[in-house]
Amino acid sequence: MTRANASFAIALLASLVAGPAGVIGPVGDARANSVYSVGGLGEPSLAEGARLRALGGAGVAEHGERTHSFVNPASIAEAEHLLIEGTILPSYRRLDSVNFGKETGHETAIPSLRAMIRLPTGLVLAGSYLVGTNAHFDILREETGGTPSTVRIEGRGGLDLIRVSLARKATPGIRLGVDYEVIAGSFREEWSRDFADTALATARDTLETSYSRYGRWRIGGQYSRGSVSVGGVYETARRLPLTITQRTAGTLVQREGESLTIPSGFTAGFSAGLTERFRLVGQYRRANWDRESLASDLVDFRAEERYSFGVERLRALDANVGFLSRLPIRVGATLLRWPDLLPVSGASSIAGGTADINEVAFSIGTGLQSRDKGGAIDLSLEAGSRGSKEDLGVSERFVRFAISLQVSDDTWK
Amino acid sequence: MPRTRILTLVLALALAAVAPACSKKAERLVGNEVLKRGPGGLGDTVREIRPLDRDTFLGTGTADRGSTLLAGVSGAYEARVLIKPGTWVLPDTNDVTVVVDSIRLELPFDGKMSIPDVDLLLHTAASAWDTLSVAWPGPGLGASLATANAVDANGDLWLELGGSSFGLVKSWAIDPSSLNGFVVRRSAGSGVAAFRAGAGRFRIVYHTATSTRSIADTPFSADLFIHTPLVSLPTGADTTLILGGLYAPVVAFRAPVDSFTPGFSLDEARVVFRVRSDSPTFPDSITVTIEARRIQSSWSEGAVDTAGLNISTVTLDRVVGYQVRDVSDTLLVVPLPASLVRDWSSGVLANDGVVLRINESFRAPEIWLYSRESTRPPEFRISTTSPPPGRF
C-alpha cells in the first residue's frame, strides 16, 4: 500500500469511527438539520457525496468507474471495483426569529454510506444507507402559565432509507439499474417537564411515531452518447401504516389506523461536456407529496421539488501542469422546495394558514484522487438560506462543509 | 513529501477532529417559534388539594403474634404473655440418682426497650386457648407458679418454679392435655417488659451421680401476647386519629381520585396529616417506620377495627425514621405510589383507601393526628400533567 493510499484508509476509518454515528450506527444523534425539523417530516436530506453536492446535487446522469450518484441506481453500472464511500457533513447555522432572538449552532451529520462491488456476471451490487428526512431538534421552553415549569423536548429520528441496488450496462451507451428501498427510522420525541416546586416529580413523556418498514422500487436508466448523458429515475409509492405511541411513567397510549404514504416521484437530468475540461449538469427531482400523504392538523404537503445545476472544470490529466490545474473545480446551485407546509407564524395549526419552505443554496467544491485512482477525497462548501421570517417567524442561513471519502480495492493493492 | 500526500493527511486529521464536534443548540430557544402543536397547548399541569372523603383510626385486635412479647401494665393498658410448651424434655427418670436443682421459665429481654420495675407472675392457664383466635382477656388464670421482678433480672428473666415442681412437670409430660399452657402477667409495679418471641424456654437444671450439672431445655411450641382493647373506640367522627403506641391502632383513609386524561403524568400524590399540638413527643432515640398498605375491601367510618378491611400484605410505601419531636406544625406526609393512583384513576383497582400502620408500634408513643372532622383536616395533594401533543 502506498503512503497516500494508507492516508485515505486512515482518513476513512478515523472519520467513521470517531464520527458521531460510526459505521454501525449511522442513525445516531448528530445530524445537520434545520429549525423547521420541529414540525412535519423534518429536513429533506441530500444524500449525495461532496462531489455531487458541489454540483448542486445534480447526479442522475452521473456514471463512471468511480463516479456514481445515489439518486440513480443505473449510475453504478460501470463500477469496476469494490468501492466504499462515506460522507460527513458539518453544518453551521444562524437563526433569526421574531420572538426568541437569534441563535447559532453547528452539527455534524452522516448523510450517506455506500458500498458496491462488481459481480462476475457484469452486474454491480450496492448497499446504501441514506438519511431521507432529519427530524432532529432540541427545544427549551419556559412555561409560566399554571404551574411554572421548564419543558425540554428532544426530537430524534426521521425517515431513514436502506437500499439495495443492482445495475448493469445494457449496451455501451445504456445503463439500467434498480433499487429496492426500505423506509426505516421513526420519529421520536422525549419531553421532560421540570417544576420549580421540588415537591413535584419531573414529568417525562416519550412520543414515538413508527411505521411498518416496507420497501418500494426505484428504477433508473442512463443513456450516453459522446460527452452527453441523460438519466431518469422513477420511484414507486408506498403506504406505511403508522403506530403513534405516547409513554409516561406507568402508562402507554397507542394509536393505530393512520398511515404515511411515501409518494411516487421521478428524477430527470443531464450531463453535457462543453469542452474537453468543462461540463454542465442539471437535474429536476420531484416527489408527489400531497394532503393525502399524511392526515394531520399540524402539517400539510405539496410536491417536493429540487432543481440542481452545476458546472465542473475537470482535472487536467497532463502531468506537467501545476498543482491547481490538477484539481477539479465544481460550482453549483440548488433550489429545494420542501414538501412540508407548516402553520404560519401565530397559528397553532394549518387551519390558520400554512407557509412553504424554500431553500436556496450555492456550492463550490474540489477533490483529490490518489495516484492509483483507488481512493479519493472530495470536498464541498455550501451556503444558503431557507424559510421566511415573515411567514414562519424564523429564518435560517446555513453553511455546510461536506467531506467524502472513497476507497476501493485498488487502495489495498 | 508530495503536497497531495500532505494535504491528504491534513484533511484526514481535520476530519477526525470535526466529526465528534457535534452540538445541537441552534434551535433550543428559537425553535419555540415553530413549535406548533395545535390549540391545546403543550400539556397542562394541574395541582389540586382535596379533602379526604373518609378517615378513622381502627383497632387491630388484642392478640399480637409478632417477634416481641409484652407483659406488664401502663395506665389502662395491660399485656400478658401466653405460652404453650413443646414436648417436655426431662432428665432420665430411670436414673435414681437424678436430683433436680431448678425448674424455671426463661424469657430473654428483647433489648430494645428499657426494663421496667414490674413484678411478673407465671400462671398455668385455667382453660384451653387457641393461638389463632385467642383475644383479651385470654384464658383464665390457674395456679400461680412463680414470680420475679423484671428489673432485678440478671440477663434473662427467670421465673423459678423450684426443683420441687418436678413432679408437676412430669405429670404435664405424661399427660399434655392436663396443661393448657401458661400466662405471664404483671402482679405488682408498673411498666411493660418486652421479650424476644420464640426465644424462651423451660429449663430444668439437675445433677446425677455422674454429673455435677446437667440441663434439659423445653422450647415453646407457641408464644404470643394479648393486651387490653382500645380504651375509647373510634366513632368515625373523631377529630383525632390515633396511630401507633401500645394499643397499635392504625389509621385508615380514602383519598378521592378522578379519572384523568389517558397518558397523563402524575407529578405528585401525597396525603398530608397534621400532628395535634398535644400529641406525645418521642424520646430522642426513638423513631418509627410508618407503612402504607392498600385496603382491599370497602369499609365505612363506623368500623372499629381492621377486621373485614382485607388489608394487603404488601407495603405500598414507607415513611422511615419518623418521630414527633416538636408538635408545632409537625406534619406526617404519606406519599402514595403513582401506580396505585393510576389504577384507582383508571378503575383497574377499586379505591378503598389506604391504611397506615407502625410495626412494633409499642416502642414509641402514640401519634395524634387531626382528622377530616377537625379544624385542620388532612390534605390530599395531587398534581397531574396532561400528555404532550403528538408530532403529527
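A cavity, on a 1 Å grid over the protein atoms alone, is a set of points where a 1.4 Å probe fits but cannot get out, and a residue lines it when one of its atoms is within 4 Å of a point. Grid points are joined across faces, edges and corners, and the volume is the space filled by probe spheres set on the points. With that in hand, we can look inside this predicted model, where local features need pLDDT of at least 70, side-chain atom pairs count only at pLDDT 80 or more, and totals for chains, interfaces and linings use all residues. Residues are numbered from 1 along each chain as its sequence is written, chains are lettered from A in the order in which they are written, and side-chain values use heavy atoms, with hydrogens and water left out.

Let us start with the outline of chain A. Its C-alpha atoms fill a box of roughly 75 × 40 × 40 Å along the principal axes. A compact globule of 413 residues would have a radius of gyration near 22 Å, and chain A agrees because its value is 22 Å; this radius is taken over C-alpha atoms, and the globule rule is 2.2 Å times the number of residues to the power 0.38. Chain A holds three helices and 23 strands, counted as DSSP runs numbered from the N terminus (helices H or I, at least four residues; strands E, at least two).

Now follow strand E7 of chain A, residues 149–171. Strands count as paired if DSSP finds at least two bridges between them. E6(A), residues 137–143, runs antiparallel to E7(A) and is joined to it by seven bridges, with A:Phe137 partnering A:Gly155. Five residues lie between these two strands in their hairpin, where A:Gly146 takes a positive phi near 70°. E4(A) also pairs with E7(A), in the antiparallel sense over eight bridges, and here A:Leu130 stands opposite A:Leu161. On to E8(A): a hairpin of two residues leads there from E7(A), and the two strands share 22 bridges, again antiparallel.

A pocket, by contrast, is an open set with protein on both sides within 12 Å along at least five of seven lines. The largest pocket has a volume of about 1100 Å³. Among its 41 lining residues, the closest to the centre are A:Arg51, A:His63, A:Thr67, A:Glu312 and A:Leu314. Its lining divides into twelve nonpolar, 15 polar and 14 charged residues.

Finally, turn to chain B. Here an open sheet of four strands, with antiparallel pairing, has the order E1-E22-E16-E19. E1(B) and E19(B) are the edge strands, each pairing on one side only. E16(B) and E19(B) pair over five bridges, and B:Phe273 stands opposite B:Leu332.

Methods
Ala, Val, Leu, Ile, Met, Phe, Trp, Tyr, Cys and Pro count as nonpolar, Asp, Glu, Lys and Arg as charged, and the others, Gly among them, as polar.
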